[in-house]
There are 2 protein chains.
Amino acid sequence: MGKKRVTIQDIAKRTGYSKTAVSFAFNSPSRISKKAVEKILEAAKELDYIPDPTARNFSLGRHMAIGFLVPQSTAVALANPYLVSVMRSIAAICEENGYMLTLIPPLHSSVTEAVKSATVDGIITMGLYMERSVVDILRRRNLSIVSIDGTNDEDIPSVSVDDRAAAELQMRKILEYGHRRIAVISLPQAAYSDQNERRIYLTERRMKGYCDALSQYSLQLSSIKVVQCNATFSSGYKAAEDIISSGSFTAIVSMSDIVALGAWRAIRDKGLRVPDDVSIIGFDGMDDYSSKELSTIVQSADDKGRMAANMLFSIINGEDAEPARSLCVPFSFREGKTLRAVLKKD
Amino acid sequence: MGKKRVTIQDIAKRTGYSKTAVSFAFNSPSRISKKAVEKILEAAKELDYIPDPTARNFSLGRHMAIGFLVPQSTAVALANPYLVSVMRSIAAICEENGYMLTLIPPLHSSVTEAVKSATVDGIITMGLYMERSVVDILRRRNLSIVSIDGTNDEDIPSVSVDDRAAAELQMRKILEYGHRRIAVISLPQAAYSDQNERRIYLTERRMKGYCDALSQYSLQLSSIKVVQCNATFSSGYKAAEDIISSGSFTAIVSMSDIVALGAWRAIRDKGLRVPDDVSIIGFDGMDDYSSKELSTIVQSADDKGRMAANMLFSIINGEDAEPARSLCVPFSFREGKTLRAVLKKD
DNA sequence: CTGTTAGCGCGTTCAC
DNA sequence: GTGAACGCGCTAACAG
């Protein structure tokens, strides 16, 4: 169905000019006479000619799109509002640059497959443990990458927060409030990581921060309960149910706000009160409407996205001399309403 | 920097086979001898050969990506959690089909420009008034499209809710509760609409529903206040501030949940109580954690996204005989906690 | 300055 | 198993 696409040839024939002239009319009008440009554009309009973007990109060796590579299925990834916020600010920078943003989930459960076939000019990852095989493909394909909250790998430009210090602050707040029966809700380990590599992933960096805080109080990590879950509300809900049913804790420390919110709900549903019975502290500081009352560690999603995108574009446009930079976003503590000093009773 | 890309030629030379053989080794291994396949794949591995996806797509005339076309800048669009939910379920279906999802915002403020240059195999729009010029480009480019919450255009496959009836129900609830001093927060009119066209946009369909409900109570649309804002929390907040300062209303009817939530916050910040002083009813029924208490009209984001994506894929894969279908998602009323009968005092 | 000719990019596929 | 054409727009090199 539908007649064949109108090509540059058709316009050339129709006007009596060459393909080259037609191409110039669109891309460098100054290269040919005004009259020629007019005639060509007119014919193009008459025949409804649109230069095929695929052919064009192929010719020019670019796509005008950058990829947002997420480590899990998009259904999980987009369930995290913090990630969406970061993506939003990335998309905004893309728009400024006339680029589109393509979501790249693992293809057939494989990040490598996805990266092999993605038609983009560069990639921003978030929360991805960059295994060597992925980096290799990027290199082969000459694709630039910027990593957000990724591995602390020196040869990959990255944007992140000082996870260890931020986590230390987070745990210290809880300890300062007198809590000792503490549960931590961690995030998934690098699902696709290669055991041979010794780069350190976000969860480990934060765990280190927890240890540091605990040791200031002469406590061990082993004295607290650690569970792990996806960065979604419902996972946080379930995680908190687990925690509640496995003992009596006075504080929950979550590596993610959305998880903390899920936990909060679960606690309320169990008939417990926050912060009277259980204190909660999150991590992210979503600028979100619903989470203003959550005590948390704030790191700007907007800054992260913007910095990463700008960095990527300056690499793509060759404006960047240094091969790899690591930028750090500041963090801060937000008091919120989900923290309370533990009652001295034991 | 970086050596030239390894191409299919290099593998051909290296192995002594032809380009054709190499191509077959990757795409139809059964087409050549097992031995040949082995040798070729081995050489490919040694040389780190990855078939260039751009060239491949160009050759095959496809992209393995579909586009999500939003009428506003992504920074605005992604600020609406309901839209993100829809996108999430679209992305999930894409993944199942091995496709990626590309976000298409207006390029240089032009939807037409964006649609001209998007390298995708099909498009799903949401809340977009489909002007003729856009439809024309899609046709020229042979791009299939499915519209969510779009214009009621018969020749475009679409998924939506019965907006008129849903809005009527929404307004009727408010009226049943005795409210008469009512403010409506509407959504942006079709920013890119062509005045000559007579297709009806979502806001108008809903407005019709409001009229119908009002007339059952012998009221006119002119008797209520109508303001308009973007589908974001902060816009909703501002809209409610306007409403509050412009008179005394007992109920706010919003065309979007996120807007309703913003309004709710604004009302609280003004020292008024919900629902004691002001009732609020939203529209969307976000499955979201934070909005369970909002009284609203529920329409499943997941269904919308899934149905639209499945429809698009069946069109792309040529499984769809009928040229255009319009699917309807059911809606329902959720009581919530933001409605209260108005006190008889006047 | 205006316009053309002749490839090029890279993988796919028809016809032998 | 192969040679050659093909898709479509871009552009270096060249001629008037």
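Is B:L41 buried, exposed or partly exposed, and how many C-beta neighbours does B:L41 have inside 10 Å? Select B:L41 to begin: B:L41 counts as partly exposed because it has 17 C-beta neighbours inside 10 Å, where buried means 20 or more other C-beta atoms within 10 Å of a residue's own, exposed means 12 or fewer, and partly exposed lies in between, with C-beta atoms placed from the backbone. B:L41 sits in helix α3 of chain B; helices (H or I, at least four residues) and strands (E, at least two) are DSSP runs, numbered from the N terminus.

Before going further, note that this is a predicted model, in which local features need pLDDT of at least 70 and side-chain atom pairs count only at pLDDT 80 or more, while totals for chains, interfaces and linings use all residues. Residues are numbered from 1 along each chain as its sequence is written, and chains are lettered from A and ligands numbered from 1 in the order in which they are written.

**The DNA strands**

Select DNA strand D and the 26 residues around it, of which A:I8, B:A21, B:I32, B:S33 and B:A36 come nearest; a residue is near a strand if its C-beta atom, placed from the backbone, lies within 6 Å of it. At least two residues of this surface come from each of α2 (19–27) and α4 (53–60) of chain A and α2 (19–27), α3 (34–47) and α4 (53–60) of chain B, and α2(A) provides the largest share, five residues. Coloured by class, the surface near DNA strand D shows 11 nonpolar, nine polar and six charged residues, with Ala, Val, Leu, Ile, Met, Phe, Trp, Tyr, Cys and Pro counted as nonpolar, Asp, Glu, Lys and Arg as charged, and the others, Gly among them, as polar.

Two or more residues of the surface near DNA strand C come from each of α2 and α4 of chain A and α2 and α4 of chain B, and α2(B) gives the largest share, six residues.

While helix α2 of chain A is in view, pick out A:S23, which lies in it. A:S23 counts as partly exposed because it has 19 C-beta neighbours inside 10 Å, and its C-alpha atom is separated by 9.9 Å from that of A:V37, 14 residues apart along the chain.

**Where the chains meet**

Now show chains A and B together: 46 residues of chain A are in contact with 45 residues of chain B, contact meaning that the C-beta atoms of two residues, placed from the backbone, lie within 7 Å. On the side of chain A that touches chain B, the largest share, six residues, comes from α6(A), and the residues of that side divide into 24 nonpolar, 14 polar and eight charged.

Zoom in on β2(A), which three bridges join to the antiparallel strand β2 (residues 100–104) of chain B; strands pair if DSSP finds at least two bridges between them. Here A:L101 stands opposite B:L103 in β2(B).

**Helix α6 of chain B**

Select residues 81–96 of chain B, the 16 residues of helix α6, which reaches 23 Å from its first C-alpha to its last, close to the 22 Å expected at 1.5 Å a residue, the expected span being 1.5 Å times one less than the number of residues. In α6(B), 15 of its 16 residues are buried. Just after α6(B), B:G98 takes a positive phi of about 75°, and from B:G98 the tour returns to B:L41, 57 residues apart in sequence and 23 Å apart in space, C-alpha to C-alpha.
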